[in-house]
Amino acid sequence: MARSGLAGAARVARWADPSLRPGHDGGSSDGRGALSDATAERAASELGLSPDQVRHDWDTARLAGLVEVHGDIARPGWRLRAWNRDDSAVLRGWVALFDAWSIAHPEEADHEPAAVAEVVSAMPQVLSFLQLSAGPVPMEQLLDLLEQRVTELRTERCEIPYGPQPEPVSQQPEATSVEDTPLAPLLDWALHALASVGALTYGDGHATLTPLGSWAVWVKLEQICVAAQSPAGNIEQNAEDMLRGCSQLRPNAARAEYRAWLAARPVGSAVAELVVAARGEDALLRGLAFEALRVVGGAAEPEVRAVTEKTPLRPYALLWLAEHDGIDPEDAYEVLTREEATWMWVDTAAAVADHGEAPLLVRHLESAVQPTIPALLDEVRAVGHPRTVQVLVALAAAHPDPALAKAVRRAAFQVHTGGN
């Protein structure tokens, strides 16, 4: 259903990829991503559509993240690139459109803006009721529920906080106007808007969630429940502190914490926070940040791909992308060069040295790609990781074999002094 609902938007987005690149005429006429008249006419001619249909599909593609507009240039969004191979990308695109229902089908200009905002805020409860009803619900019943929810919202705004209060003021005319606004026309608009994005059907005075709409509401409710049940209580922390809080958790518990933290934030800002945390000096956080990005899934692909040229993050990003493309995690290391694999071995060893126990560091030797310790030490010295000396010193101190420990200390001294 999501694919069929977004098929027109995907078609226009694919047309825009070669047609609105630099050097082509047309694009955004107002700086806000709308197609110019000339571009809409050209697209309509080439696609066999009307200009109005092109503009509608274009707006849908932008809201669903199938196309990204930068000035007069359009480029495919990650969801369009993943369209044919990733059903979750299609579903995410539809959910983005579902979230933007009030933008996809704007209200009439004569509606009171404050009342419109109240209805938009109240609609999640209306949708939840529709989901629980699992069938047609009369408009009158939905209107009664909407009026109750709007009254609750107004009451919450009027709650008097604790402490000294200013002198009461008379009610402003604007407030009176909002409270006198009839909600039935606004509910009618909201239901038509949600029907336009495929979330429900609306007619004969009844509304019914579509299977896709029911699924979306269920997902939203699940996200709220996950966010409310943050297992380790890190949901309010920034990315770095959240990752530190997860560092002592078992993998499954950590992933549950990542999901709770992500559910409470917009995906874009959450991914950006995680990438910033990964760029820091703590190698442990680098690894944990990419584990959290695995929980994000395909929505993180643009940000991850953007850091593949930056040395500290490149090996982690390449592994993430390989796994995202379906390569088995045990085979993903084959995408790394020998130098990148060695750099990552040192980075992981730094995390173990800083936060783990000595036996873990000794066992970490087994994960090296080099067949012998001398080969490993030679390549570690050459890779240029900033923590090489500290890692080798810690490894020498932890290893029970005196001869091997001596060789490792010698390698650490050579790196420190710049000798051979």
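Strand 3 and strand 5 (residues 206-209) run antiparallel and are joined by 2 bridges, where strands are DSSP runs of E with at least two residues and helices are DSSP runs of H or I with at least four residues, numbered from the N terminus. Two strands are said to pair if DSSP finds at least two bridges between them. The model is a predicted one, in which local features need pLDDT of at least 70 and side-chain atom pairs count only at pLDDT 80 or more, while totals for chains, interfaces and linings use all residues. Residues are numbered from 1 along each chain as its sequence is written, and side-chain values use heavy atoms, with hydrogens and water left out.

Taken together, 3 strands form an open, antiparallel sheet in the order 3-5-4, with strand 3 (137-138) and strand 4 (200-203) as the edge strands, each pairing on one side only. In general, the strands of a sheet pair through backbone hydrogen bonds.

Elsewhere, Asp331 is found in the loop between helix 18 (314-324) and helix 19 (338-355). Asp331 counts as partly exposed because its relative accessibility is 38%, a value lying between the limits for buried (under 20% relative accessible area) and exposed (over 50%), with a 1.4 Å probe and protein chains only.
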